[in-house]
Amino acid sequence: MNYKNIRSIREDNDITQKQMAGLLNVSQNTYSQYETGKIEWPVGTLVKIADYFDVSVDYLLDRTKNKNRINSN
């Protein structure tokens, strides 16, 4: 699936696909395929992105419009 919030938050923060790929330790081509929905996002990758942007995974997956993370710690 193609999750528009992942691309939007990356672009809103002026981060390139190449920079995100480096952060996630994948190639730019692999990252591009994640963003376009050609391959599925691994859960661990989604968690890294959510942590990096300080948003919830639900927000990244377009399950909520609320960016805030719920921290129960």
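Predicted model: local features only at pLDDT ≥ 70, side-chain atom pairs only at ≥ 80, totals over all residues.
User: Which residues in α2 are buried?

Analyst: Gln17, Met20, Ala21 and Leu24 are buried in α2. Buried means under 20% relative accessible area, exposed means over 50%, and partly exposed lies in between (1.4 Å probe, protein chains only).

User: Why does glutamine 17 count as buried?

Analyst: Its relative accessibility is 17%, so glutamine 17 falls on the buried side of the cut-off. Glutamine 17 sits in helix α2; a helix is a DSSP run of H or I with at least four residues, numbered from the N terminus.

User: Which side chain does glutamine 17 join in a polar contact?

Analyst: That of glutamate 35, at 3.0 Å. A polar contact is a pair of N or O atoms within 3.5 Å; within protein, one must be able to donate a hydrogen and the other to accept it, and residues adjacent in sequence count only if both atoms are side-chain atoms. Beyond its neighbours within four places in sequence, glutamine 17 is in contact (heavy atoms within 4.5 Å) with Arg10, Gln28, Tyr31, Ser32 and Glu35.

User: What makes α2 roughly perpendicular to α3?

Analyst: The axes of α2 and α3 come within 8 Å and cross at roughly 105°. That makes α2 roughly perpendicular to α3. Angles of 65 to 115 degrees count as roughly perpendicular, under 35 as roughly parallel, over 145 as roughly antiparallel and the rest as oblique. Axes are lines fitted to C-alpha atoms, for helices over the stretch in contact, with angles from 0 to 180 degrees between N-to-C directions.

User: Which elements give two or more residues to the largest nonpolar core?

Analyst: The largest nonpolar core has 17 residues. α1, α2, α3, α4 and α5 each give two or more residues to this core. α4 supplies the largest share, four residues. A nonpolar core is a set of buried Ala, Val, Leu, Ile, Met, Phe, Trp, Tyr and Cys residues joined through side-chain atoms within 4.5 Å.

User: Why do the buried residues of α4 line one face of the helix?

Analyst: Thr45, Leu46, Ile49, Ala50 and Phe53 are the buried residues of α4. They fall within an arc of 135° seen down the axis of α4, so they line one face. These buried residues pack against α1, α2, α3 and α5.

User: Why does aspartate 14 count as exposed?

Analyst: Its relative accessibility is 66%, so aspartate 14 counts as exposed. Aspartate 14 lies in the loop between α1 and α2. Its phi is positive, about 55°, although it is not a glycine.

User: Why is aspartate 62 called partly exposed?

Analyst: Aspartate 62 has a relative accessible area of 31%, so it is partly exposed. Aspartate 62 is found in the segment after α5.

Note on methods
Residues numbered from 1 in each chain as written. Heavy atoms only, no water. Arc of directions from axis to C-beta.
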